[in-house]
Amino acid sequence: MFKAAIFDLDGTLMDSAKDLEEACNYALGKFNLPKVNSQKYKLLLGTGRRKVVESIVAEFFENYDENTIEEFLVHYNNYYDAHMLDNTRPYEGILDMLDYLNENNILTAILSNKPDDFTKKLVSQTFGKRICYVSGLKEDCKAKPDPTSLLNIISKLKVEKNQCLYVGDTEIDIQTAKNAGIKSIGVLWGFRTASVLLDEGADYIVSTADEIKKIVVHN
């Protein structure tokens, strides 16, 4: 039986795509540029805020430099900080699943490529005490799929790697788990397709939160 389940946040526990897209569109509007294509934007999510912005700037600006990226980030972050919960909600069954894991003495944690302050604010206001450890992307850390932050969480939870699962919705999450040497669950309600997750080598694929309960507690 597993002793810990560590989760990605956006696209895994929370349906946050609309608020993230609105933040991007707000920043684009500051430069009098058109809105992003929703489907193309979703494919960028999971890489980390800065990489998303760098990709958007490269697509929409004919000429840009580091100052352009930094200015875009300021607009993006200011809007998102004020509006991150306008439309963002837990996916169906997520709260029940987390409660079930807690009731069965499974440690729960979150590792996200979202900036650390935003991650902790969002988790605190949404999940309360359901999550025992939360880590977003810090300035002195490498983003996923680098495994360092995931291994640090495992150490803090005081469990062995073979007792942990990492749950995510993108190829980056599956790569992170593989790089850390732990098993992974790929969820189908997020930002990627089943074929992407399977091609990356996810150990499990689930289409409902209930399936996570069965894997973690009864496997």
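## Strand 4 and its cover

A residue counts as buried when its relative accessible area is under 20%. By that cut-off, strand 4 is mostly covered, with eight of its nine residues buried. The model in view is a predicted one.

Strand 4 has partners on two sides. Four bridges tie it to strand 1, and the two run parallel. Ala-4 has Leu-107 of strand 4 as its bridge partner. Another four bridges join strand 4 to strand 5, again in parallel. Between strand 4 and strand 5 the chain passes through helix 6, residues 116–127. This β-α-β crossover is right-handed.

Which order do the strands take in the open sheet? The order is 5-4-1-6-7-8, six strands with parallel pairing. Strand 5 and strand 8 are the edges, and each pairs on one side only. On average, neighbouring strands are turned by 20° against each other, direction ignored.

Strand 1 also pairs with strand 6, in the parallel sense and over four bridges. Ile-6 has Tyr-166 of strand 6 as its bridge partner. Tyr-166 also has a bridge partner in strand 7, Ser-184. Strand 6 and strand 7 run parallel and are joined by four bridges. Together with helix 8, these two strands make a right-handed β-α-β unit.

## Strand 6, covered on both faces

Strand 6 is mostly covered: five of its five residues are buried. Cys-164, Tyr-166 and Gly-168 are buried on one side. Leu-165 and Val-167 are buried on the other.

## Helix 7

Helix 7 spans residues 148–157. Its buried residues are Ser-149, Leu-150, Ile-153, Ile-154 and Leu-157. They sit on the same side of helix 7, because they cover an arc of only 145° around the axis. An α-helix has 3.6 residues a turn, so residues three or four places apart point the same way.

What do the buried residues of helix 7 pack against? Four strands take part: strand 1 (4–7), strand 4 (107–115), strand 5 (133–137) and strand 6 (164–168). Helix 8 (171–180) is there too. Helix 7 lies across those strands and runs at about 155° to strand 4.

## Helix 10

Helix 10 covers residues 209–218. It lies across strand 1, strand 6, strand 7 and strand 8. Its angle to strand 8 is about 150°. Buried in helix 10 are Ala-209, Ile-212, Lys-213, Ile-215, Val-216 and Val-217. Their cover includes strand 1, strand 6, strand 7 and strand 8, along with helix 5 (94–103).

In soluble globular proteins, nonpolar side chains tend to be buried together. The largest nonpolar core in this model has 54 residues. Phe-7, Phe-72, Tyr-76, Ile-212 and Val-216 have the most contacts inside it. Two of these names, Ile-212 and Val-216, are buried residues of helix 10.

Tyr-76 reaches well along the chain's numbering. Leaving aside neighbours within four places in sequence, Tyr-76 is in contact with Leu-20, Ala-23, Cys-24, Ala-27, Tyr-41, Arg-49, Val-52 and Val-53.

Most residues other than glycine have a negative phi, and most peptide bonds are trans. A few places here depart from that pattern. Lys-144 and Pro-145 are joined by a cis peptide bond, with omega about 20°. Pro-145 is in the loop between strand 5 and helix 7.

Asn-105 is not a glycine, yet its phi is positive, about 60°. Asn-105 lies in the loop between helix 5 and strand 4. Is Asn-105 buried or exposed? Asn-105 is exposed, at a relative accessible area of 68%.

Lys-158 follows helix 7. Its phi is also positive, about 60°, although Lys-158 is not a glycine. Lys-158 belongs to the loop between helix 7 and strand 6. Its relative accessibility is 76%, so Lys-158 counts as exposed.

Technical notes:
Residues numbered from 1 in each chain as written. Predicted model: local features only at pLDDT ≥ 70, side-chain atom pairs only at ≥ 80, totals over all residues. Heavy atoms only, no water. Core = buried A, V, L, I, M, F, W, Y, C linked by side-chain atoms within 4.5 Å. Buried < 20%, exposed > 50% of the residue type's maximum accessible area, 1.4 Å probe, protein only. Contact = heavy atoms within 4.5 Å. Arc of directions from axis to C-beta. Pairing = 2+ DSSP bridges. Axes fitted to C-alpha atoms, helices over the stretch in contact; angles between N-to-C directions. Right-handed = clockwise from strand over helix to strand, strands pointing away.
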